[in-house]
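Hello,

Here is the structure I promised to send over. Have a look at it first, and then read on for what turned up.

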Amino acid sequence: MSQPQKLYFFNTLTKKKELFEPLNPPFVGMYVCGPTVYNDAHLGNARPAVVFDVLYRLLQHMGYKVRYVRNITDVGHLTGDSDHGEDKIAQRAKLEQLEPMEVVQRYTVKYHRVMDWLNVLRPSIEPTATGHILEQIEAVQRIIDKGWAYEVNGSVYFDVPKYAQSHPYGELSGRDPEEQMANSRDNLEGQEEKRHPADFALWKKANPEHIMRWNSPWGAGFPGWHLECTVMSTKYLGETFDIHGGGMDLVFPHHECEIAQAKAANDGKPPVRYWLHNNLITIEGKKMSKSLGNFITLEELFSGNSPLISQPYTPMTVRLFLLLAHYRSTLDFSDQALQAARKVYIKLLNAIRDLKKMHYPETTGEHNEKLEKEIAQGLDKAWAALYDDLNTALCLTHLQALVKKVNQFRTNPQAIGQVAPEIFARLQQEMPLLWEDILGMKEERPEAFEPLLDIILKHYAEAKAQKQYDKVDAIRADLKTLGIAVRDSKQGIDWAYEE
C-alpha cells in the first residue's frame, strides 16, 4: 500500500504546520473537549466529534495505540462561559424541576445516541467533572501552595498578572496579556473579589440557593469550568501529552486557562505538544447561535423538524457535510449544502458498493498505463490529503475522481483487465478503507433491505421477460420513490441509490 507515513498538523500553539512525533511511540494520548450536557446536541457539537473521530481512526490505522479521552462537563460551566452567571446544568434543572444529575443523565444518553447515529467511535475514556471533584480540589490546593492562586470569601482565583511575569500567558490565543488585562470588564458578578479583572476562578463559592456544591478547604462550592479539563487530561494522559483538540471558540479563555493551570500545578511543564482546533459553523455567514434563532439540533436535522431545512437528512449525510470542508475552515450551513452533500454521499456509496462486487477478469487485454497511473495517483493523493493536516475535503475530492474509474469498470467489466491486478487490488482495498474505516462513512439501510430488494428485482425481471411493460414501469417508479434506481443493462439487472 503506497501511502505517506508522516503526519502533519497545524499546531495552534506554534501557528505553523508541524510533523507529528508522539512523545512515547507507539502510544498516543489525545484529549478533546466534550459537551456540556444541559441541552440537545447541536451541529456545532457534532463538528469536533466527527473531526477528531477521523483523526482517532487515522492514528489507529497508522498503528498507534491511542488513548482517546473526551470529557463530559456536568458542573462548573456557567451561563457566561467564564466566572459569572448560573451553572448551565443547575439552571436547566430548575427549569425542568429535576435533580441536576437527572439532567446530566438525560442529555448524556441523548448525546451518545446521536453520536452513534453519526458513526462516531466512543473514546477510550469519558470522564465527568463531578467524578473528579477530589482531584480538582487537590489541584487547586497545589496551585495555591505554589503561589499562583489566592482565596477570597470561599472562592479561589488564579493570579494571572503574577503568572504572566514569568510565563507567556496568551501563548495559545496570541493575545497580548497586558491588553487582555486592560480590557477586562469590571462589572461582572464576583469581579470585585478578584485582585485583577483578568484573574479566573479555580473554585467558586456556592450561594445558598446553588444546587450543585461540594465541601472543600475553602468552604462549600464547585470547580471552575477550565479546571476539569486540566485535571482529567493530565490524570489519564500524563503531565505532558500529545494532542489536545476542540473548537476554535475554546482557544480563549478555556484552553489558554488550561495551559496556565497545568504549568502552575506542574512546575512549568507544558501540558500539550499539539493543539488542534476546528473552526466554527456559520449560517449564511453568521455564527450559529441560539440568540440569533439560527440554531439547529442534530435530532432536528435527522427528523426534518426545523424551518432551516426542507427535508430530513440522514446522519451519514450530515457527517459527510462536516467532512466536505477542511476542519480549520469555517463551514457555512444551508439546506443547499446538505443537499449537495447527499448527492456526493450517494455517488460515492454507489461506487463503493459496485467496487466490492467486481472481480478481476480471467482474460486481460493490453494494459492501459495512463489508467493505471491515474488510479495509483488518485489513491496516493487521497491518503496524502489526510496526512497533510487531516484534509478530508481534498481526500473526498480525489475519491470522487476515482468514482469515474469505478463506473468505467462497472459498465465495461473487461476494462478491469486493462490495469495490472495489483493496481485493481489497491483500488478495491483502499477506496473502501478510506471511505469506511478512516472517514467513518457507512451505508444506511435496514438489515433485511437487500434481500427484499432482490425479491422485487426478481419480479421485475419476470415481468420484463413476459413483456409486461406496465408492471416493469410501475416497479421502477415505485422503487424510485424510495430512492432506488433500477439498473437494466447488458450486464444484467441491478440497483443503485438514486442520485
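Two strands are taken as paired if DSSP finds at least two bridges between them. Please keep in mind that this is a predicted model.

By that rule there is an open sheet of four strands, ordered β4-β3-β9-β10, and the pairing is parallel. The edges are formed by β4 (65-70) and β10 (272-278), each of which pairs on one side only. On average, neighbouring strands of this sheet are turned by 20° against each other, direction ignored. Histidine 244, for instance, has tryptophan 275 in β10 as its bridge partner. Helix α1 (residues 43-61) packs on the sheet and touches β3 (27-32), β4, β9 and β10. The direction of α1 makes about 135° with that of β10.

Now for a pair of helices. Helix α12 (residues 369-387) packs against helix α13 (residues 392-411) at an angle of about 155°, and their axes are 8 Å apart. Since angles over 145 degrees count as roughly antiparallel, that makes α12 roughly antiparallel to α13. Their crossing is left-handed.

Which residues meet there? From α12 they include Leu371, Ile375, Leu379 and Lys381, and from α13 they include Leu394, His398, Leu402 and Phe409. Sorted by class, the contact of α12 with α13 has 11 nonpolar, four polar and three charged residues.

Technical notes: Residues numbered from 1 in each chain as written. Predicted model: local features only at pLDDT ≥ 70, side-chain atom pairs only at ≥ 80, totals over all residues. Heavy atoms only, no water. Helix = DSSP H or I, 4+ residues; strand = E, 2+ residues; numbered from the N terminus. Axes fitted to C-alpha atoms, helices over the stretch in contact; angles between N-to-C directions. Contact = heavy atoms within 4.5 Å. Parallel < 35°, antiparallel > 145°, perpendicular 65-115°, else oblique. Left-handed = near helix turned anticlockwise from the far one by under 90°. Nonpolar A, V, L, I, M, F, W, Y, C, P; charged D, E, K, R; others polar.
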